Amino acid sequence: MSAIIDRTTAFCARFGLRLPILLAPMAGVPAPARSIAVANAGGLGACGALLMRPQEIAAWAGEMRAGSNGAFQVNLWIPDPPPQRDPAHEAHLRDFLGRFGPPVPAEAGDVTPPDFAAQCQALLAAGPAIVSSIMGLYPPAVIEQLKERGMAWFATVSTVAEARAAEAAGADVVVAQGMEAGGHRGAFDAALAERQQVGLMALLPAVADAVKVPVVATGGIADARGIAAALVLGASAVQIGTGFLRCPEAQISPAWADALAATPPEATMVSRAFSGRAGRSIATGYARAATAPDAPAPAPYPVQRGLTAPMRAAAQSAGDIERMQAWAGQSAALARAEPAGDLARRLWAEAQALLG
Ligand SMILES: Cc1cc2nc3c(=O)[nH]c(=O)nc-3n(C[C@H](O)[C@H](O)[C@H](O)COP(=O)(O)O)c2cc1C
């Protein structure tokens, strides 16, 4: 066990942590208060900046620093090539989605994500100690600037091949995301996200054997047993998403928070139904209907996200979980409605007890 504790201690010392627990970056659930609480407890705070404009990234970092001098990561998605549009199919999808929510306007699919190059500049300017990526690798010019500034790069990977590619590109840490994970799958190639689903139990030792950089485990970890197991399997630290969603600071819809507590592993599913990119959510009425054999195939990301926006907004207002975008990892039922700092401290104390 001492080798495991040594590995974890070295990781924490290198990244200014007192416990090896990383809050997962979660786009759409930015909640600085939750990051502040985790960082003040000695873990790593996080900002999922996918949907943020440059000034919002700067404001988030400012709020974080005002509340804590602890460490935090800012995370971006590496964009896919622009989607191929298919107006006739989108019309069919709009009709289908109109059965679950208000009529979907013709222009709903015209979604323009924030400019990635500008987001990267904002990320560099915000200057967190750690930046992370998902869905691919930062462009070489950005990696070069991260290195110049001494900012560490944590690259999310979902296969051994992606882990090798991330290390070769200069990642300081790889975050191995098992298929149990809530939210979007990090596959570099969107077309492989559903086909190449590797569970953390197999992925973690394989990635730890394949790369020399430290490995962070993520996906389905929400209690001390999962943390201890991940460290034994080769991780230096763990990253937890769904397990922090019921914390009061997260401020998610009560319907979503309550549903998480009642969701066994088999009641989550991976689909492209909400955004066009594969992600794991609660298997709600809409998610099941949208993946039925007779349902129209989802549009590519981010078109599908735009098309589902009216339904998701209506569901949010009505507190209707069946139509909500209720991301959830397979260990959702282990998530506790506990202040985030207390949760981080308790999880690590319990994991240490298990590790002896
Ligand atoms: C609501 C939600 C939003 C997420 N958004 C992001 C994101 O923007 N960037 C990212 O790298 N990962 C994102 N993830 C994935 C997490 O980083 C992590 O891989 C996942 O939460 C781990 O599985 P768990 O939820 O079972 O802990 C998100 C996860 C959830 C639940």
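Predicted model: local features only at pLDDT ≥ 70, side-chain atom pairs only at ≥ 80, totals over all residues.
**A colleague's note on helix packing and buried sites**

1. Helix α2 covers residues 32–40 and helix α3 residues 54–67; their axes lie 9 Å apart, at an angle of about 40°. That angle makes α2 oblique to α3.

2. Which residues form this contact between α2 and α3? From α2 come P32, S35, I36, A39 and N40, and they meet W60, E63, M64 and G67 of α3. By type, the contact of α2 with α3 divides into 5 nonpolar residues, 3 polar and 1 charged.

3. Helix α4 spans residues 87–98, and α12 runs over 303–318. Their axes come within 10 Å and cross at roughly 25°. Angles under 35 degrees count as roughly parallel, and α4 and α12 are therefore roughly parallel to each other. Here, too, the crossing is right-handed, as α4 passes α12.

4. On the α4 side of that contact sit E90, L93, R94 and L97, which meet V303, Q304, L307, T308 and M311 in α12. The residues of the contact of α4 with α12 divide into 5 nonpolar, 2 polar and 2 charged.

5. Now a closer look at V215, which belongs to strand β8, residues 215–218. Is V215 buried or exposed? It is buried, because its relative accessible area is 3%, and the cut-off for buried is under 20%. Leaving aside residues up to four places away in sequence, V215 touches V174, A176, L204, V207, A208, G234, A235, S236 and A237. L146, by contrast, is 69 residues from V215 along the chain, and the C-alpha atoms of the two are separated by 19 Å.

6. Why does S331 count as buried? Its relative accessibility is 18%, and buried means under 20%, so S331 falls within the buried class. Not counting residues up to four places away in sequence, S331 touches G220 and A222.

7. Helix α10, residues 254–261, has A255, W256, A257, A259 and L260 as buried residues. What covers them? The cover over the buried residues of α10 includes β11, which runs over 279–282.

8. Finally, the protein as a whole. There are 13 helices and 11 strands. The C-alpha trace spans about 60 × 45 × 40 Å along its principal axes. For 356 residues, a compact globule would have a radius of gyration near 21 Å, and the protein, at 19 Å, agrees with that. Of these 356 residues, 57% count as buried. Among contacts between residues at least 6 apart in sequence, 68% join residues at least 24 apart.

How values were computed. Residues numbered from 1 in each chain as written. Heavy atoms only, no water. Axes fitted to C-alpha atoms, helices over the stretch in contact; angles between N-to-C directions. Helix = DSSP H or I, 4+ residues; strand = E, 2+ residues; numbered from the N terminus. Parallel < 35°, antiparallel > 145°, perpendicular 65-115°, else oblique. Contact = heavy atoms within 4.5 Å. Nonpolar A, V, L, I, M, F, W, Y, C, P; charged D, E, K, R; others polar. Rg over C-alpha atoms; globule rule 2.2 N^0.38 Å. Buried < 20%, exposed > 50% of the residue type's maximum accessible area, 1.4 Å probe, protein only. Left-handed = near helix turned anticlockwise from the far one by under 90°.
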